[in-house]
Amino acid sequence: MLQSQTASVTSSILAGHWENGRRYHAYQSGQYMFPDDELEQERLDVKYAAIHLTYGSKIAFAPLQDPQNALDVGTGTGIWAIDFAEEYPGCTVTAVDLSPIQPTWVPPNVKFEIDDAEQDWTWPENHFDYVHLRTMAAAVRDWPRMFRQAYRHTKPGGYIELQEQDYMGVIQSTSRNPGSAFITWCVQQGKAAGRVGVNLRSIPSAMADLLRAAGFVDVQIQEFRCPIGPWAADKQMRNAGLLQLSAVLDGLEGLSLRLLKFYDEGWTKDELDVLLAKVRTELRSRDCHAYWPV
Ligand SMILES: C[S@@+](CC[C@H](N)C(=O)[O-])C[C@H]1O[C@@H](n2cnc3c(N)ncnc32)[C@H](O)[C@@H]1O
C-alpha cells in the first residue's frame, strides 16, 4: 500500500471525479462503480440504520473478547467503525476506503486510511483480532484474494465477519404486486456489474466456501431479510423497512448511472429513467413485499 494516512491524501483524491452530475472516488487504482457524494453518503448511513435495526442493534456477531486491533474494509462514511470503536474503546480500529468521506471528529481509537484494499496489504501479518466487511459485494472483484489477505493479517483465533447484502432483491409471495420493475432493475444491474468483473450476488454458502478455501474454519452463516418498505408485521422491522425504502429510493439513480452503459444492448438514459420511476412506484406500494437477503 501507499503511504496512506488520511493526512497524506492528495487534493485530486479529495476533489474526486465528477461524472453524470455525481462525484466518484478518484483513487487511481480503485474501480468502484458507485458515487461517493453527499447523496450517496446519506444513502449509506440510512442503509446502515436499516440494517442495524434488522440486526436488533447488534454491531458484531463474532464472539469477540477484548479485541485489540480491528479492520473495517470499505468503511464508507465510517459509521460502523465509529460505533464499533465506541463499543470497544480498548481496540484500535483501522478503517480503509478509496474515498476520503469520513468525519474528522471521531473516537481516538479510530484510524481512517485512504487506500485500495484490493492491492497488497501492508498492515502487519497476524495482527487483527477482527476483520469486518459490510455491503462490499459491489466493490470487491477478487474475493478469494481478499480472503487470503484477510487470513494472513488476522491473528490465530481471530475472526472475519461479512455483513453482506445480496443485490438480487426478492419480492415475497405474499405480495400482491408482482414487482416486475424492481426485479428487472436487479437483473440489469447484476448483468452490467458482471460485465465489469463484479459479482453483485452474495450467496452465503458460496462465500463460506471461499472463506474455508482461504483457511478460515468454523464458518457460520446467519441469514436476515431486510424489508424494503413498511410492510412487515413487526414494528422494528417496519421501521427498518421504512429506512431501507428511503435508502433505495435515494440511491437508485446513483447505483445505476455508471452501470447503465453495461446494461443489455440498446438501453438509454431515458429508458433507465422510466424503469426507475416504475421501481419507485412499485416499492412505495404497501402491497409490494420486497426485501434484500442479508
Ligand atoms: C456500499 S459501500 C459500503 C460502505 C460501508 N461498509 C457500509 O456498509 O456503509 C462500499 C464502500 O467500499 C469502498 N470501496 C470500494 N472498493 C474499494 C477498495 N478496493 N478498497 C477500499 N474501499 C473500497 C467504496 O468507496 C464504498 O465506500
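Entry 1. I looked up Arg258 and found that it forms a salt bridge with Glu19, with the closest N and O atoms 2.9 Å apart. This pair links distant parts of the chain, 239 residues apart: Arg258 is in the loop between helix 7 (235-257) and helix 8 (269-284), and Glu19 is in strand 1 (residues 17-19). I note that the model is a predicted one.

I then checked burial for both residues. Arg258 counts as buried because its relative accessibility is 12%, and buried means under 20%. Glu19 has 23% relative accessibility and counts as partly exposed.

Entry 2. I asked how many salt bridges the structure holds. The count is 13.

Entry 3. I turned to helix 2 (residues 38-54), where Glu40 and Arg43 both lie, three residues apart, about one turn of the helix. Their side chains meet in a salt bridge, at 2.8 Å from N to O. Are these two residues buried or exposed? Glu40 is buried, at 3% relative accessibility. Arg43 is buried too, with a relative accessible area of 6%.

Entry 4. I looked at Arg201 and Asp166, whose side chains meet in a salt bridge (2.8 Å, N to O). Arg201 lies in the loop between helix 5 (180-195) and helix 6 (204-214), and Asp166 in the loop between strand 7 (154-163) and strand 8 (170-171), so the pair ties together parts 35 residues apart in sequence. I found Arg201 partly exposed, at 37% relative accessibility, whereas Asp166 is buried, at 6%.

Entry 5. Last, I noted a network: Lys191, Arg195 and Asp264 are joined by salt bridges that share partners.

Key
Residues are numbered from 1 along each chain as its sequence is written. This is a predicted model: local features need pLDDT of at least 70, side-chain atom pairs count only at pLDDT 80 or more; totals for chains, interfaces and linings use all residues. Side-chain values use heavy atoms; hydrogens and water are left out. A salt bridge is a side-chain nitrogen of Lys or Arg within 4 Å of a carboxyl oxygen of Asp or Glu. Helices (H or I, at least four residues) and strands (E, at least two) are DSSP runs, numbered from the N terminus. Buried means under 20% relative accessible area, exposed over 50%, partly exposed in between (1.4 Å probe, protein chains only).
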